[in-house]
Each structure stands twice: as C-alpha cells, then as structure tokens.
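Dear colleague,

Please find below the structure that I am handing over to you. My notes on it follow.

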Amino acid sequence: MLTWSNFLSQLFNGLAQGALLALISSGLTIIYGTLGVLNLAHGAMFMLGGYAGYVAYQATGSFVVAVIAGTLFMLIVGVVMERVLIRHFYSRPHEDQLLVTFGLAIVFVEVVRFFFSSQSLTVPAPAALSGITSLGIMVYPTYRLAVVGIVAVALLVLFVVLYKTRLGMVVRAGIEDAVMVDSLGIDVYRVFMVVFGIGAMAAGFAGIVNAPVVSLTPEVGEAILVQTFVVVVIGGVGSFPGAVVGGLIAGEIISLTSMVNPGYAYVMLFAAMTLVLLVRPRGLFGARGRE
Amino acid sequence: MSLEAMFSKRPLLVEIVTAAVLIAVPFVLPLVDAAPNTVNRILVWGLFGIGFDILFGYTGLLSFGQSAFYGTGGFIAAYLLTRAGFPYVVLALLIGTVVAAAVGWLIGLLALRRTGIYFAMITVAIAEIFFFVEFNPLSEWTGGENGLPGVPTPSFHFGFVNLDFTSGWSLYPFLAFCFFVGIVIALRIVRSPVGVILTAIRENPLRAAAVGHNVPAYKLTAFVIAAAYAGFAGGLLGVLQGFMPPDAFMFDTSGQLIMQTVIGGRGTLFGPLAGAAVWLFLQDFLQATLKLGAAWKLVLGLVFVLLVCFLRQGIIGGIRDLIVAMRGKGQAAAEPGEEAAPVAAAPPVAPMAVRHVVPSDLRGPLLQAKGLTKRYGGVVANEDIDFAVAQGELRGIIGPNGAGKTTFFKMLTCEVPPTSGTIVFEGRDITGMRITDVCQLGLTKSYQVNQLFNRLTVRENVTIAALAELRGKFKLDLFGRLGAIDGLDEQVEHTLQLVNLTARRDTPVAQLAYGEKRRLEIGLALASSPSLLLLDEPLAGMSPRERVETVKLLKSIAQGRTMIVIDHDMDALFELAGRITVLQEGRVLVEGTPDEIKGNALVQEAYLGGLHEEELAT
C-alpha cells in the first residue's frame, strides 16, 4: 500500500488541509492577539460560512458568488457579534470570554441544525475545477489542488493586509500592546471590530472553500476548532507566521499518519503539541507577554 | 453578616439540609411525575460537577477536557464489571476513580504548564485525543462506538438483609448516597486550608505565590481532585444506564458540564447539581411537552449566553446575592463609609515577633547583592548594583521616577531573575530561586500597586498569607480545619491589629477605602512574619493624616526586623531610615545617613537636575 504515488497524494492532502488550517488559525490567532479573546465560536463560524455559501449557491448556482457571499456574510456576522456581545467582555475575566463564545458556538450550531437539519449537504466544485489532474506519477482531484492555490492567495492577501497596510500596522501594534495603541490616539475599539470581522471572514472563507471537499454538517466546525487550537499552541499565540507554519505541520501530521492508520492521526497531533509544549512552551513563533 | 458566616456558625447545617433533601426527593418528586431516571442522571451530573467546581469555581481553572476523566473512570469500571468479570461494583467504581485521578495527575502536569487561554486550549485538545483513542486504538477494550453493554447494578448482602439497587427509584438511594459522600468530602476540602489557598489562586495567583504558596502544586491538586470526581461519576453513569456509552468521552460532555455549572452557579459546589436539574428537566419539558424536538438545545444555548452576560454567578449565586441584599438593606446604613474608617484610633499594639530566626552564626550582611543587572532588550533597568543590608537595619531607597527601584525590589525577591549578578540572603545564594521559596526563607515584599485577593474578606486575605508561613509552601491537609492550625488565629488577629483593620475584618477587599487597601497590602507581607521585609512605596497615594499613621505603623513593624523601604516621601524616609540608598538611572548614585544624603550635591543634582530637564522638555 505504501507506494510513492500514495505517499505523494497524501502529502498533497496534507498540504490542502494544512493550508486550510493555516487560514482558519490565522483568523483565530489575530483575534486573540489583538482583542485578548479566545473565540471558541471560531469553528462554528467556519461552519456558518459554509452554510452561507451553500444558500448563495442554491440561489445563484455560481460557486464564485457563493464564496463571495459566504465571506461577506461572515464579515457582517463577525462585526455584529463584536459590537453586540464581545465588546462587553473585554474587561471581564478570560473565563467569561471563553464561556460566552462557547455559548455562541452552540447557538450557531443549533440555529443551523434548526433550519437545515443534521443531514449533510454538499456544494459541488465549480465545473472548471472538477475532475482530476494528472501530475506525472499520480492523478489528483483538481479541486483539491485548486484549494491549495486559493488558500495560498487568501493567506497572501491576509499577509499584505497585516504587514503592508496602515491598518495592518495598527493591528500588529495592537497585538503587542493594545493599551499603548489606544493611548496613541487610535480608536482601538474600531480596530478590534475590524479585526474580529477579518477573523470571522477568514474562517467563513475557509468554510465555503472547504465545502466541496467535505460535506457540510452542523458539527463540521467542532473538529476544526480543536485542530486550530493545536495549530495555535504549536505556532504560538498571536503569531501569523506561527499559524501558517503550525497549520502546515498539523495538516501533514494528520494526513501522513492517516496513511498508516487513521486512528492515530490525532494521537500524533497531540504528541507534536506535547513536544512543543515541553521544548518551547510559547510555541514556535510565540513571544513573551502575548498571553 | 454574610451567608458564609451564618453557615460557619452552624458547621454541619449544609450537610444536614442536603441529607434531608436527598431523603425527601423520592417521596416528593413522584407526586409531580418526575421521571426517576432524570433524577438519577441529575445526581450523576451533580457529582461530576462537584469536582469540576473545585477546579473552576474555586481555583479558577476552566478546563474544557473533563470528559477525558469521566470516560476514563467510566470505562475502567465498566470494563472490570463486564469483560473482566469483576464482581464488586463499588470497588470497581473506586478503581476507576483512582485510575482517573492518576491520569488527571499526568495530564495536569502537562496542561498546567500554561495558564488561562493556553490551559483551555490544551484541555480541549487532550479531551479530543482521548475520544479518538477510545474509538480507535483501544476499541478492542472499550467496544468502540458500541460502548460496553451489561454493566451490573450494585447489590449488597449483609447476612439476612439483601440490598439490591436496580433502576429508577430503586437505584436512587445508591446514587443519592454516593452524591452525599461526594458533597461531604468536597465541603471538607473547600473549608480546609487547601480550600482557602485554592480561592487565593483564583483571585490572584501571582500574590498567592509571592506570599509563599506552591501554586503549581495546589493547582495540580485541584486538577487531580476534579479528575477523581469525574472518574467516579463516569463509573456511575455506566451503572445507571446498564451500559457504558462512548459519548462519555465526547467534547459535548465537557461542554454540558461547564454549562450546567455556570447555569447553577460556580463556586458553590451545589451549582452543578442545580444546573443539571435545570438542564435535564428543561430538556424533558421542551422536548416532550412543547414538542420542540432538536431545538431544545438552541433554547438552552440562548439561556446560557444570557446567564453569562447578566447573571455571572448563576442561579444559586443570584439567589445568594438576593438574600444578602435583602438582609443587608437594614444594615447598609450602619456600614462605615470610607471617611468613617477609623484611622486615627489605632491602639498601641505590641510589635510582632519575627518567626524566621536569622541563623546565629550569620556573619556579614543579612542581604547582599553583587553586580545586579537587569536588561529588558536594549533597556537597562538596573546596572551593576552592589547593595548590602545589615541585620536590624531600616534602609530607605529613593530616586527619581524610572530610577529602577521597583525592578531592583523584584530582583531581590526573585520575582524576576537578574540578567547578571548574585543575591545572597542569610548567607545563602538565592539567585534564580522562585519567589515562593524566597518568601518561605523569610524575605518578602509589599507591592507598589496593590496585589490583593479582591473578592475575599480582609481576614481571609491575611489568613492566606499567614497559612504559608505556618504550613510551609505545600501541604495536603485536605481534611484539616483552619481552627486546628496552631497560632493561626493569633497571627491573623495580631496582623489585623498592627495594620489597624480589625474592625473591617469581615469586609470584602473590593469594598475597602484606598488607604485601607494600602494597609492590607503591608499586612499581607507582614502576616508571613518575614525577617527581611521590603516595602514598595507604602505611603503612595495616602492622605497626610494616613501618612502619619502609617509611618507610626512602619516604626512598630521595624522592631526586631530588617526592612527596606522605597518611597518618594523623603521627609518620612529621613525620619524612619538609618541609612538611605539613592538610585538614579538604574545605578547606585550614593549611600549614606539621612543627613549625608540631605546635604549631598549629587542627590540635589539628580532631583533638581531631573526637574530642570523636565521643565525644558515641556
């Protein structure tokens, strides 16, 4: 069973899954880094984005419209959520922030279950990207290859926004010291709102892009949330490069272990996290004072 | 009088009421058609939650991974009782408990390396791993997704009497008894010295460590206790259902436990039981009576979010606040306001004995620092400081803002490690030691910015500090009583008298006036009766009258004790201190008697020159 083409195709699977994890985790990590809130509803937002895309796809039949609509919908959900609820929790203990986002996650999941039932739904890949592509020694589903590309572009956009724009500079400054940014006369609460929106958007975008690969169920976000936690612990809280590298590492671990025995995928992921915690407790790219 | 105070006067009241209610339940609830199976499930969740409440409500550690221990205990017990053919139900439950506790100890060692957010994430990840391990690698033993069917119920044979517990109301007495034992043990734990220290860790882990408690070890203790309760409850789940379900290991289990605890009220021990009752009865009601189907969970999710937003302490906490508010109405007028706090009426108090006896063969200074340097990146906070204090001295430290005084103190108490240099206390090199161990050696400080246990009373605050001195940094007297600790009451009362807070002893810290908080801050450092006491700006922010009182207090504390005091109030320091060290820009500028310092040109330059520059800058 362990052939080269098998190995390569799993390597690609890991890359696709890792890229996706990287995108979701970067949303989680910049929200945490800037706002100081660990968003336990992040997995549910990933799921919600997928369903929003599904609705748009049903209405228009266009995958591109589905991606755009799903992403924008999540931006709005994120901004509203921050304004209405999260904002009132900045000054409350971490536990309360965890509890309220945890409660929101359940509400999101149950709302979706209420409207769409628990049955799994599928969004087909766009016609141009369906079928398989020959990569020399192996064939590989075209859409999965495309996912790697799409997510890479999304990560690049996120990178440009974070590192090459004024807003990004403010956000990164906020990750290091939000109080200082506030004292410099920048309305830090508006930045928080935007960051939460961007984070939600990243999760939602990943959710709809992933929908043709894995079918949609209300629970699809739960497993993803746990994986993003491992990614963030490995990469280091508040670090965008950490989220990307951690995501790729986690994706490959899951994928390559699954090739040997799927039952051990999570065990290996856990082992990697433990190793990082023991050797570098702050994560690969973590910095002091960010927690 | 708080409810806690009322209960503490009648020590067994809670236990007796609990027993009475548990006995009454099977006679009352059938009248309202409550399903016995639901009642039994509430008891199992309630028991599961007792341990979790000690971890979360008391110690402040929010774990999202309790399902790991619930499942572990449950499957161990179920495996023994089914596949292994082990005949003793209670013994199997206990074995499951012990294994769950052992697993909790191992996981705790890892998860507790980090705090807050990281801790939550790690516990989520770990619980998920357990679920997958149970499902795949271990499915031969756990039955995988089928679980383990055929778990027997307990029956006891005492000579002529046979006690068989089967299901429904017949099983209830067994579960109620287990819950009762669980709550009695938990009540003992939270009233023990360990319980008090756990609340201190919840309120302010930094200060709990600084007054000399081994915080990581106590956290691990709470983690293991929670795992043990979870393991036992997991075993009961198998007994209750006659089958050990694999979903015990699911993340939903941890989630439901958290939600029930928060709904019922954290930090109450009975909160999880109340929350489970609300949860399960509401679930039955929404599903069966209102025909909501799967939407019941949506309703409960919304209820939960609203409770987190508006009723932080849950149902029991809300009721307690209500009762306290109603009782307090009449007393509110009598409460002394901030101005009425008796400051001037400080009675003369005998100086407090130093318990940490300095070794008699100590030659040379009590504390000596050599070449002490601290850099933060490119910023040099302290550079090459040589400093020595003789026994019995009262040393003052002054210097302009930003001179590095507080950093210097933090290094001396080992709160932050120096970049280079050594610190020797009582002839022993303490460089690189932990703040907890240094405090246990008799060196501690009060903080420039108050570091108190805010939601606890004045008396509890001082008790926490005194316990570290009387019990050492770690002791597992889980069933001990505070009253049984020799000298605790005397030391607490004496400290309260010294800092003139006796009249405020039952007031929560959050309600104290600023000057009172500053005195309590000194009291916390004093309660561990250190041989070397460091005070960081004890006079900061005080009114002139409070300053006079506090200077008197400092003089009385200084008897028989070595002290180092940082302050900006030079008149006070010149009056108090035998010698003064002046720091400027992270270095020692000059050292001498107050008279020498007053006349020193360098010092005048440092202050006036600094002032001059500031004026130029504006």
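How many residues of chain B are in contact with chain A? There are 32 residues of chain B in contact with 34 residues of chain A, where a contact means that two C-beta atoms, placed from the backbone, lie within 7 Å. On the side of chain B that touches chain A, α6 (116-135), α12 (251-264) and α14 (296-310) of chain B each supply at least two residues. The greatest share comes from α6(B), with 12 residues. Sorted by class, this side of chain B has 23 nonpolar, 4 polar and 5 charged residues; Ala, Val, Leu, Ile, Met, Phe, Trp, Tyr, Cys and Pro count as nonpolar, Asp, Glu, Lys and Arg as charged, and the others, Gly among them, as polar.

Please note that this is a predicted model, in which local features need pLDDT of at least 70 and side-chain atom pairs count only at pLDDT 80 or more, while totals for chains, interfaces and linings use all residues. Residues are numbered from 1 along each chain as its sequence is written, and chains are lettered from A and ligands numbered from 1 in the order in which they are written.

Chain B as a whole has 24 helices and 14 strands, which are DSSP runs numbered from the N terminus (helices: H or I, at least four residues; strands: E, at least two). The C-alpha trace of chain B spans about 90 × 60 × 55 Å along its principal axes. Of the 618 residues in chain B, 49% are buried; a residue is buried if 20 or more other C-beta atoms lie within 10 Å of its own.

The largest nonpolar core holds 286 residues; such a core is a set of buried Ala, Val, Leu, Ile, Met, Phe, Trp, Tyr and Cys residues joined through C-beta atoms within 7 Å. Leu47(B), Ala125(B) and Leu236(B) touch the most other members. Helix α11 (residues 215-241) of chain B gives the most to this core, with 17 residues. Leaving aside residues up to four places away in sequence, Ala125(B) touches Val226(A), Phe229(A), Val230(A), Phe270(A) and Met273(A).

Two backbone angles also deserve a remark. Most residues other than glycine have a negative phi. Glu426(B), however, has a positive phi near 50° and is found in the loop between β8 (420-425) and β9 (428-429) of chain B. Ser529(B) has a positive phi of about 35° and lies in the loop between α20 (514-527) and β11 (532-536) of chain B. Ser529(B) counts as buried because it has 22 C-beta neighbours inside 10 Å.

Key. A residue is buried if 20 or more other C-beta atoms lie within 10 Å of its own, exposed if 12 or fewer, and partly exposed in between; C-beta atoms are placed from the backbone.
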